[in-house]
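Me: I'd like to go through the charged pairs in this one. Can you take my questions one at a time?

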Amino acid sequence: MTVAAFSRMAARLLAGPLSQEATLRGTVACRVNIEHGVEFSGFEGEVSQTRAVATLLKSVSARQGDTLATERDGNFTIDSPAFQDNGHTQRFILR
């Protein structure tokens with residue numbers, strides 16, 4: 001029961017106004033939240049880079065190298081394996 005509740009919550013979060021329609025691998029329709037300027041820290045906590053990050057439902061099975069096309073933000077390639085995974089959503093660095 002708890003798993004179903006968290007799954008519904010994740011789907012609702014990505015259905016909200018902060019997300020947008022997208023196409024993964026050219027054929028898989030999905031919703032995505034894209035954050036621009038996310039800071040990644042390097043040695044001793046110094047910011048080493050800022051990147052765009054996508055949050056997708058885990059059920060769409062996104063992988064490194066997949067293309068992600070959005071109407072509002074343009075086209076991206078998933079540049080890394082998921083760096084966060086809570087069991088329902090995954091976060092990826094975009095290129």
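What follows is a short chat about salt bridges in this predicted model.

Me: Asp 66 and Arg 25 meet in a salt bridge, so how many residues apart in sequence are the parts the pair ties together?
Reply: The two side chains meet at 2.7 Å, N to O. Asp 66 sits in the loop between β3 (47–57) and β4 (67–70), while Arg 25 sits in the loop between β1 (20–24) and β2 (28–41), so the parts tied together are apart in sequence by 41 residues.

Me: Is Asp 66 buried or exposed?
Reply: The cut-off for buried is under 20% relative accessible area. Asp 66 has 7% relative accessibility, so this residue counts as buried.

Me: Which strand holds Arg 91, the partner of Glu 35?
Reply: Glu 35 and Arg 91 meet at 2.8 Å, N to O. The pair links distant parts of the chain, 56 residues apart: Glu 35 is in strand β2, and Arg 91 is in strand β7.

Me: What is the N to O distance between Asp 85 and Lys 58?
Reply: Asp 85 lies in strand β6 and Lys 58 in the loop between β3 and β4, so the pair ties together parts 27 residues apart in sequence. Their side chains meet in a salt bridge, with an N to O distance of 3.0 Å.

Me: Which residues are linked with Asp 79 in a network of salt bridges?
Reply: A salt bridge here pairs Lys or Arg with Asp or Glu. In this network, Asp 79 is linked with Arg 51 and Arg 95.

Notes
Residues are numbered from 1 along each chain as its sequence is written. This is a predicted model: local features need pLDDT of at least 70, side-chain atom pairs count only at pLDDT 80 or more; totals for chains, interfaces and linings use all residues. Side-chain values use heavy atoms; hydrogens and water are left out. A salt bridge is a side-chain nitrogen of Lys or Arg within 4 Å of a carboxyl oxygen of Asp or Glu. Helices (H or I, at least four residues) and strands (E, at least two) are DSSP runs, numbered from the N terminus. Buried means under 20% relative accessible area, exposed over 50%, partly exposed in between (1.4 Å probe, protein chains only).
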